[in-house]
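Dear colleague,

I am handing over the structure below. My notes on what was found in it follow.

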Amino acid sequence: MTLYPIVDAQSVPPRRYPSQRVRRQRERAVSRRYPSDLTDAQWALVAPLVTPVSGVRRGRPPAHPMRAIVAAILYVTCTGCSWRALPREFPPPGTVYWWFARWRDDHTLMRLHDRLREQCRITAGRHRHPTAGAIDSQSVRAADTVPRRSRGFDVAKKVNGRKRHIVVDTMGLLLAVMVTGAHVNDRSIARDLLWRTRLFHPRLRLLWADGGYIGTLSTWAHQTLDLTVQLVHKLPGQHTFVVLPRRWVVERTFAWISKKRRCVRDYEHLPASHAAFVTWAMIHVMLTRLTRNTKPAQATNT
């Protein structure tokens with residue numbers, strides 16, 4: 001027979017949540033310490049989609065401000081460090097990764113990216129939904145953290161890792177992204193990618209592609225999706241880099257993505273996580289473009 005001690009309910013200290021004063025102090029402590037941190041103007045664009053609505057959320061109030069969570073994710077994206085290597089100024093790595101995975105899975109990240117892309121197009125005098133774009137793929141080397149079942153070997157590029165397939169508009173802004181093994185042929189995955197792109201962008205009518213998409217893809221896209229895929233081939237005798245019409249736009253997007261060190265190499269266990277980092281890289285590019293002429297936030301002494 002086991003005897004359990006009798007505990008008086010009054011002797012148990014109540015669970016203490018961060019008070020409103022403490023949460024305000026933590027919010028004021030969020031300052032611009034690193035180049036990847038958000039300015040006040042950039043946070044004003046992000047906050048409506050990532051901040052929980054007051055009066056609707058149940059349970060324990062968040063212990064860390066959402067601005068610090070977003071800044072930590074952008075820090076990992078831009079610097080390429082591991083989650084456990086986050087500086088102490090940011091929230092705990094486990095908390096940051098929890099929000100990263102949640103926004104990745106509940107489509108909050110996709111809604112944030114699409115909202116910023118529409119604002120970029122409207123600011124440039126374009127319609128919010130594009131009618132033309134370009135498609136291409138890029139193979140990246142994978143680290144030892146990438147499982148064998150989701151990686152492959154690209155014979156043409158001599159790369160052992162994964163391949164990211166993207167569709168961009170005429171401004172180079174991301175419309176869709178898919179991550180597969182590097183051994184996957186471009187034509188075999190293009191149908192699924194074009195189907196998803198056409199579903200979320202019904203005004204899309206024209207796509208430019210390279211010679212790797214030659215075959216029955218153009219006929220299938222025209223008959224099934226009412227989408228014209230126009231191939232842009234290399235010049236006769238071309239053996240060096242040449243800027244080709246229309247194709248340079250998607251190549252420039254790959255350059256933007258590769259500037260974020262987390263996207264230079266694939267470290268993710270899940271392909272969806274690498275696609276999420278590609279999306280975060282483009283979010284940082286669009287935030288910089290939208291707030292190019294605004295002043296940065298002033299750093300605090302806390």
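Asp-186 touches Ser-137, Lys-163, His-165, Gly-212 and Tyr-213, leaving aside residues up to four places away in sequence. Please keep in mind that this is a predicted model.

Asp-186 belongs to helix α6. With a relative accessibility of 13%, Asp-186 counts as buried, because buried means under 20%. Among the residues that Asp-186 touches is Lys-163, and these two form a salt bridge in which the closest N and O atoms are 3.3 Å apart. The pair links distant parts of the chain: Asp-186 sits in helix α6 and Lys-163 in strand β3 (residues 159-169), 23 residues apart. Lys-163 is buried, as is Asp-186. The side chains of Asp-186 and Lys-163 are also joined by a polar contact of 3.3 Å.

- Arg-262 and Glu-268 meet through their side chains in a salt bridge of 2.9 Å, N to O. Both Arg-262 and Glu-268 are buried.
- Asp-105 and Arg-104 meet through their side chains in a salt bridge, also given as 2.9 Å from N to O. Arg-104 is buried at a relative accessible area of 16%, whereas Asp-105 is partly exposed at 49%.

Now to the surface. Met-110, Leu-199 and Phe-200 form a nonpolar patch there, and together they have about 320 Å² of accessible area. Leu-199 lies in helix α6, which covers residues 186-200. The relative accessible area of Leu-199 is 59%, so Leu-199 is exposed, the cut-off being over 50%.

Regards

Notes:
Residues numbered from 1 in each chain as written. Predicted model: local features only at pLDDT ≥ 70, side-chain atom pairs only at ≥ 80, totals over all residues. Heavy atoms only, no water. Patch = residues over 30% accessible without salt bridge, like charges linked within 9 Å, V, L, I, M, F, W, Y side chains within 5 Å. Areas by Shrake-Rupley, 256 points an atom, 1.4 Å probe, with all protein chains shown as cover. Salt bridge = Lys/Arg side-chain N within 4 Å of Asp/Glu carboxyl O. Helix = DSSP H or I, 4+ residues; strand = E, 2+ residues; numbered from the N terminus. Buried < 20%, exposed > 50% of the residue type's maximum accessible area, 1.4 Å probe, protein only. Polar contact = N/O pair within 3.5 Å; in protein donor to acceptor, adjacent residues only side chain to side chain. Contact = heavy atoms within 4.5 Å.
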